[in-house]
Amino acid sequence: MNHTATLQINGTACSLPIIEGTESETGIDVSALRSRTGYITLDDGYANTGSCASRITFIDGEKGILRYRGIDIEEIAEKSTFIETAYLVIYGHLPTPAEMKRFSQLLTENQSLHELMKHHFEGFPTTAHPMAMLSSMINATSCFYPGLMGRRNPARFDVQAARLLSQVRTIAAFSYRKSRGLPIIYPKPDAPYTENFLHMMFSLPYRDYAPAPESARALDLVLLLHADHEQNCSTSTVRMVASSQANLFACAAAGVCALWGPLHGGANQAVIEMLEEIHRSGDDGSAFIAAAKDKTSGRKLMGFGHRVYKNYDPRARIIRKACDELLAALHVTDPLLDIAKRLEAAALHDPYFIEHKLYPNVDFYSGIIMRALGIPLEMFPVMFAIGRTPGWIANAKEIMDDPKARIYRPRQIYIGPAHRHYVPIEQRDLSSTPAQESPAVPCHSA
Ligand code: ACO
């Protein structure tokens, strides 16, 4: 195979190295392009840009393959747990029994928030979205561990990572309790990660909540399936922040903000809202599908489509099966699951969705599981954030560990006004300037 690509620019040839990944995926290394030619590449939305070389997760979107550290997601989902998977994602190998024991110990030792952190919760209105609280509180955690600041300290990384992974769950549960005016429930020292989360969510001071094993397993599976997904919007954000050598908590707080939007981690909430709307309206789904195909409607079939998958998202397949199993085990029915299945069947046979290669993504069915567990809608993106934390940690670590890592700093093609001069205010011709919207809040004169 030819290991260079040649780019012709105005008659001059520029030879660029071709980089090949472990799974034979290829990319053209343009890092020297500007210094050699004066040109940059332009790729709006980064659909064609590899921002890094990474050893963590492999996706083949055409074939619907997802692997963490080389292992198929189907195999991990069947045999592993969220915490073991987190170790795999962060450290690159499946833990030995001794490594697993130490990791679990670190998670337990670091699961409680600093007591002063509780005061921060008091400042949020009860209407605050838990993603806003989660991001703020993760960032606030770094105030209590100033030793975490600055460049990675390998000796302390394990504690930082365990504290973040363990406390993200504690913060999430506390946010929910506070938003409902419920007393905070502290984590148990001996409960597994996911059971402990459900305990902090649903126990009462006078009554312990003991989830059915099927419930805890289903939620653990949801978290595991979200553990990493290579260079998605939130993970790229985490890497961007990590590249400036900010601390791990700052990186994760930024990741939560990026995840919040309905095109990313907010989609699981949007899917249930969409299914509820269809249920309320009595539509069999066809009116919604018609609207989703109509570009003027402003609607999309939420939980469908993906930048990378042009095939069925393997996580959606696993979650769909888990939905059926959980509802059967709990002896509950959910009309939204039936609507979701009907929508999926209709979309998969619809020429628009076939031509656009739009398939269910991970968010299409995950909300049904969370509903069955009694997790409120506004907490759905938070669950995604807990699940994605191992991936954020692993990606930040990859940058921290790389002695050649540079700050992420993309370029742009400037399309604003060409060079011009400052005009004193009394000489400005208002008719030649575009109309400005009035500010919502009166401005103070300088
Ligand atoms: N419903 C209807 N049409 C869609 C949908 C959808 N869900 N998704 C994409 N399309 C159409 C677009 O309108 C566009 O059509 P056109 O080429 O005729 O103009 C085409 O498919 C390509 O879509 P883009 O938006 O350009 O694809 P992009 O890769 O930028 O976006 C995304 C991917 C954001 C996931 C998009 O498919 C979407 O908005 N889906 C719904 C929200 C969702 O489920 N998000 C979760 C993503 S997975 C995750 O974060 C875990």
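Mentor: Before we start, two residues are in contact when heavy atoms of theirs lie within 4.5 Å. The model is predicted, so local features need pLDDT of at least 70, side-chain atom pairs count only at pLDDT 80 or more, and totals for chains, interfaces and linings use all residues. Residues are numbered from 1 along each chain as its sequence is written, and side-chain values use heavy atoms, with hydrogens and water left out.

Trainee: Okay, what does Ser366 touch?

Mentor: Skip its neighbours within four places in sequence, and Ser366 is in contact with Val222, His226, Asn268 and Ile319. Ser366 itself belongs to helix α17, residues 363-372.

Trainee: Why is Ser366 called buried?

Mentor: Buried means under 20% relative accessible area, exposed means over 50%, and partly exposed is in between (1.4 Å probe, protein chains only). Ser366 has 0%, so it's buried.

Trainee: What makes Thr389 buried?

Mentor: Its relative accessible area is 1%, so Thr389 is buried. You'll find Thr389 in helix α18, residues 380-401. Leaving out residues up to four places away in sequence, Thr389 touches Leu164, Leu165 and Val168.

Trainee: How do you know whether Asp284 is buried, exposed or partly exposed?

Mentor: Look at its value: Asp284 has a relative accessible area of 49%, so it's partly exposed. Asp284 sits in the loop between α12 (267-281) and α13 (286-293).

Trainee: What joins the side chains of Asp284 and Ser286?

Mentor: A polar contact of 2.5 Å. The term means a pair of N or O atoms within 3.5 Å; within protein, one must be able to donate a hydrogen and the other to accept it, and residues adjacent in sequence count only if both atoms are side-chain atoms. Asp284 also lies 7.5 Å from Ile339, C-alpha to C-alpha, with the two 55 residues apart in sequence.

Trainee: Now the whole protein. How many helices and strands does it have?

Mentor: There are 18 helices and six strands.

Trainee: What share of the 446 residues is buried?

Mentor: Buried residues make up 45% of them. And for contacts between residues at least 6 apart in sequence, 70% join residues at least 24 apart.

Methods:
Helix = DSSP H or I, 4+ residues; strand = E, 2+ residues; numbered from the N terminus.
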